[in-house]
Amino acid sequence: MRGAYGGPRVLLRRLREVMADPVTAQERLDRIVVLIAANMVAEVCSVYVLRVDGDLELYATEGLNREAVHRTTMHKGEGLVGLVADEAEPVNLSDAQAHPAFSYKPETGEEIFHSFLGVPILRAGNTLGVLVVQNKSHRTYSDEEIEALQTTAMVIAEMVASGELGSPETGLEPVGRRPAHATGAALSEGIGLGHVVLHEPRVVVKTFIAENTEAELKRLDAALANLRASIDVLLDDGEVARAGEHRDVLEAFRMFANDRGWGRRLHEAVQTGITAEAAVERVQSDTRARMQRQTDPYLRERLHDLDDLANRLLRELTSPGKGMAPVAAELPENAIVVARSMGPAALLDYDRTKLRGLVLEEGSASSHVAIVARALNIAAVGQIENATGLVEPGDALIVDGVSGEIHVRPTGDVERAYVDKVRFRARKQEQYRALRNAPSATRDGAQVKLLLNAGLLVDLPHIKETGAAGIGLFRTELQFMVASSMPKTAAQQALYRAVLDAADEKPVTFRTLDVGGDKILPYMQAEPEENPALGWRAIRLGLDRPALMRTQLRALLNAGGGRDLRVMFPMVACVSEFEAASDIVQREIARLIKHDHPQPSSIALGAMVEVPSLLFQLDELLKRADFISVGSNDLMQFLFASDRGNARVSGRFDPMSPAFLRVLSHIADRAKAAGKPVTLCGEIGARPLEAMALIGVGYRSLSMSPASIGPVKAALVEADAAELEAFVKPLVANADGAASLRGAIEEFAVKRGLQVAP
Ligand code: PEP
Ligand code: MG
């Protein structure tokens, strides 16, 4: 018996020969089980594949009844095989029947076997099946044998994932190819149908078994050295913003790359006879499997970092020194980009005309990449757990940026339903386009100005496309957030000039830099703050660092030479701040005059009303400001003490509550009394029902994202402003303790046939 035992190295060599034979996948699998059984002197070797219905199906066996192939199944979690699948870890037992999980399958004749070794068939951390050997005698399998079986399982995983294997008996596909559905957070409205492009492409390992272990160890060491050096370069350069990698992530990379345990595990894996790439994939797959079971968010994050690092190492091994593959440059049609996380600049590198959607494992609605996705008008969904592990490049994928869902490898039914949805949305868009040049007025003739929120060059075509009355909020910080270093005055000026050109005489309101809080400039070192939302941000930073503010104002004044210029300041908390900022503007104007530079033909200065303290200084403010603009996103967060970026609380209070509507009503009243224009530029103005309520409390100017102009206009042209005011104002004034007036206002709007559904 012992003579037939070739040892794990011989097994791997033979396996390489089997893989090279031009036979069908099923025949290859049949040969693999025979080979393993012979090599390990095992009476049984079987492969179970996890099916779409969650059961494990016997796909090949040596030693069990062959009639059972494609007939015997067990539930995931049933028996020892199920245990291996569930735990995603090897199970090695010399007395299998004594184990509580043991289950008896009469059709296989399994009861006479005592020893059991099962390893999971893993790919990208997902269990695709189980590979098992069994012996009649009581024996314990060696670590070397477990390693060899795990390597074989990697090879089988590739066969399963490639879709070559199927079950002629049941027609049920292996789980690796099954349709999958996941729900995360909607980041950018729209529906995208297309095919997966991994932002960081996985390196497909083709050669698993090494010809020369010494040479593989050398390759591994060289790649590790290059990897460490490249991380040091990134950290030293400070050029960390482009790929969305912040310094702390790179620091974690550096720590792991120099971690002895990680290096040792990689070396040990190579020493079992596999290639350096296969070793990285093996260790990475274990990491991913651990990651999926880890519930502690900090540890999960670190495992994620380790996973990213393994990807980088794989790239070092396959294309040394090249770094990341330029996927953005060679994008297929109808691409849906899937990434763990992404910086806003990286998204802008993709060809917009081919991009249909974005799926992220991270990302919140207020993240910078989400803002860019909205500006590009592509569907985006974030917080999809293990998104990069759920998909294979080229897989069909649907992104529903309305509900926050994704459908991977969708069934025909789901796909048809979405094609219908897309058609329906297209019809709506058609309706909105038809309204583009219609007057933006209610039936009773109240003019309601609809303006755009913008911040990037890609936003500019939207002015014409939507028929907006101008730009009500130009978020100048976006240019700073997508850049890898502080934009120079000339670059700022060029952008502002391009914006004014595109607006073509329509008004543009530039907001000075609103950074700090959640809007972080990666190249600007800032002191860590306990409560950044309440910290050193926006106008506070601008007044403390007047050079920064002056540079920007200079760029704005130069760009606005000979035209009307509108500038407003964010996060003003008291009148004196507005005065101080206005003084800086006046000094810059004096400088223009002194140097004989062209001046803007008019300058209007305004303040954002988004800090509640300003509610009690409105009359004083309105005496000094030319206009005001309500930032309802921040006003809501500060008024209700409810973090807009924290999903647990951000939806807890309704902007359609009497408290908030009273505040908004008060602001509109004071502005009217002072004869100064007021606009509302927060997210609530972008929703048709809320927009109707705003008209009802006196607003006649709303600024919103481009995709919202159509829906809001469609509702308002059917509305009667006087009727809305007559209904909403008393409702708000007399609401006796109601948490929200949404239901009442919605009922009113629906009765009047207004299109207020989101
Ligand atoms: C707001 O706070 O409502 C606003 C428009 O500004 P931002 O969302 O950029 O903070
Ligand atoms: Mg704000």
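Trainee: What should I know about the model and the numbering?
Mentor: The model is predicted, so local features need pLDDT of at least 70 and side-chain atom pairs count only at pLDDT 80 or more, while totals for chains, interfaces and linings use all residues. Residues are numbered from 1 along each chain as its sequence is written, chains are lettered from A and ligands numbered from 1 in the order in which they are written, and side-chain values use heavy atoms, leaving out hydrogens and water.

Trainee: How many salt bridges does the structure hold?
Mentor: 36, each being a side-chain nitrogen of Lys or Arg within 4 Å of a carboxyl oxygen of Asp or Glu.

Trainee: What does D21 form a salt bridge with?
Mentor: R31, with the closest N and O atoms 2.6 Å apart. D21 is in the loop between α1 (7-20) and α2 (25-39) and R31 is in helix α2, so the pair ties together parts ten residues apart in sequence. Helices here are DSSP runs (H or I, at least four residues), as are strands (E, at least two), numbered from the N terminus.

Trainee: Now R409 and D395. Where do they sit?
Mentor: Their side chains meet in a salt bridge at 2.5 Å, N to O. R409 is in the loop between β14 (405-408) and α13 (412-435), and D395 in the loop between α12 (387-390) and β13 (396-400).

Trainee: Is R409 buried or exposed?
Mentor: Buried, at 12% relative accessible area; D395 is buried too, at 4%. Buried means under 20%, exposed over 50%, partly exposed in between (1.4 Å probe, protein chains only).
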